[in-house]
Amino acid sequence: MRDNNFYYKEIKRLLEDKNALLLAHCYQDKAIQDLADFVGDSLDLARKAARTEAAVIVFAGVYFMAETAKILNPDKKVLLPDLSAGCSLADHCQPEEFARFRARYPGHQTVSYINTGAGIKAMSDYVCTSSNAEDIIRSIPEDQPLIFAPDKNLGNYLNKITGRHMILWEGSCIVHEAFSKEKLIQLYRKNPEAKIVVHPESEAPVLQIAHFTGSTSQIREYIRNSNSTSFIIGTEAGIIHQLEKESPGKQFIPLPSHEDNSCACSECAFMKVNTVEKLYRCLRDETPEVFVDETLLEKALLPIRKMLSLSR
């Protein structure tokens with residue numbers, strides 16, 4: 001039985017030997033975050049993928065993230081430790097059904113959340129992340145009607161803060177939608193000094209009582225700059241590892257979901273599919289590799305490049 005020390009040393013050696021870049025989302029397991037060359041949210045990771053000179057990109061995240069890296073780097077090898085690392089948002093917004101949905105709204109342009117597959121991105125006029133969605137939408141003329149997909153909670157939040165009336169696809173994140181307003185109130189009563197920070201994929205009742213709403217990178221920045229020392233965290237619990245490293249001495253309380261679970265918090269089962277052992281084998285064997293159809297890739301690249309150019 002090999003221990004994490006073996007995997008850590010071997011992964012570091014293989015990354016150097018193969019001129020590979022390891023990108024990890026901050027919802028990944030702690031051990032993977034600590035091994036990564038860069039840890040961030042979807043926008044941060046897309047930027048890193050777009051700029052890298054590495055020969056190989058290893059993406060410790062979910063499939064749509066690795067697929068986006070491949071779209072940005074068609075001539076590079078992009079690896080994902082486990083191809084079953086999906087996403088409830090991306091998996092429930094498929095091209096055939098979405099094409100029929102779009103056809104019901106002629107004259108509308110499409111803004112798709114980055115949590116989609118290449119087929120949806122290829123049908124989109126703009127791609128956004130939770131970090132830059134407001135900027136992207138405000139850049140579009142107000143008289144241009146819009147469709148937003150696939151996250152209805154993020155879409156509702158964006159409609160509220162921008163004053164738009166985007167048509168929304170009925171999708172949601174199984175992690176963020178599971179947060180309970182009632183449990184949040186109970187937790188806040190026990191910790192009245194804590195600031196409530198949540199991700200905009202959460203449902204409106206949770207957002208309404210938050211002190212701060214933002215993407216994972218925006219949450220990290222808010223906490224780094226805050227004078228408060230206690231925070232209730234309303235997003236995937238993996239982010240707490242980065243928060244503890246960036247803001248030592250501050251307290252982080254994970255927000256429970258509706259259902260009780262072993263860690264009393266919300267974790268993304270898809271994100272946790274990746275392990276250091278799978279990461280090691282992935283690097284060693286350079287598989288599984290992520291591929292995108294060339295025609296689809298060219299179409300999906302346009303709105304992704306537009307997103308990167310419009311992002312602050």
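Author: In what follows, Ala, Val, Leu, Ile, Met, Phe, Trp, Tyr, Cys and Pro count as nonpolar, Asp, Glu, Lys and Arg as charged, and the others, Gly among them, as polar. This is a predicted model, in which local features need pLDDT of at least 70 and side-chain atom pairs count only at pLDDT 80 or more, while totals for chains, interfaces and linings use all residues. Residues are numbered from 1 along each chain as its sequence is written, and side-chain values use heavy atoms, with hydrogens and water left out.

Reader: How many cavities of 30 Å³ or more does a search of the whole structure find?

Author: The search finds two. A cavity here is a set of points on a 1 Å grid over the protein atoms alone where a 1.4 Å probe fits but cannot get out, and its lining residues have an atom within 4 Å of a point. The volume is the space filled by probe spheres set on the points, which are joined across faces, edges and corners. For the largest cavity that volume is about 280 Å³.

Reader: Which residues are the closest to the centre of the largest cavity?

Author: Tyr-27, Met-65, Asn-115, Glu-201 and Met-271 are the closest, out of 27 lining residues. The lining of this largest cavity has 13 nonpolar, eleven polar and three charged residues.

Reader: And what lines the second largest cavity?

Author: Its lining includes Ser-42, Phe-59, Met-65, Thr-68, Leu-72 and Ile-114. The second largest cavity holds about 70 Å³ of space. Helix H3 (42–51) and H4 are the elements that give two or more residues to this lining, and H4 supplies the largest share, five residues. Helices (H or I, at least four residues) and strands (E, at least two) are DSSP runs, numbered from the N terminus. By class, the second largest cavity is lined by nine nonpolar, two polar and no charged residues.

Reader: Staying with H4, at what angle do H4 and H15 pack?

Author: Helix H4 (residues 63–72) meets helix H15 (residues 294–310) at an angle of about 95°, and their axes are 9 Å apart. Axes are lines fitted to C-alpha atoms, for helices over the stretch in contact, and angles run from 0 to 180 degrees between N-to-C directions. H4 is therefore roughly perpendicular to H15, a term that covers 65 to 115 degrees.

Reader: Which residues of H4 and H15 make the contact?

Author: From H4 they are Thr-68, Lys-70, Ile-71 and Leu-72, and from H15 they are Leu-297, Ala-300, Leu-301, Ile-304 and Leu-308. Contact means heavy atoms within 4.5 Å. The classes here are seven nonpolar, one polar and one charged residues.

Reader: Now the sheets. What is the order of the open sheet that contains S5?

Author: The order is S6-S5-S7-S8, four strands with parallel pairing. Strand S6 (126–128) and strand S8 (167–168) each have a single partner strand, so one side of each is left without a neighbour in the sheet. Two strands pair if DSSP finds at least two bridges between them. Strand S5 (residues 109–113) is joined to strand S7 (residues 146–149) by four bridges, and Val-111 has Phe-148 as its bridge partner in S7. Helix H6 (residues 95–103) packs on this sheet and touches S5, S7 and S8, with a direction at about 155° to that of S7.

Reader: Finally, backbone geometry. Where are the cis peptide bonds?

Author: One joins Ala-149 and Pro-150, with omega about 0°, and Pro-150 sits in the loop between S7 and helix H9 (152–162). Another joins Thr-287 and Pro-288, with omega about 5°; Pro-288 is in the loop between helix H14 (276–285) and H15. Most residues other than glycine have a negative phi, and most peptide bonds are trans.

Definitions and conventions:
Parallel < 35°, antiparallel > 145°, perpendicular 65-115°, else oblique. 1 Å grid on protein atoms, 1.4 Å probe; cavity = no way out; pocket = protein on both sides within 12 Å on 5 of 7 lines; lining within 4 Å.
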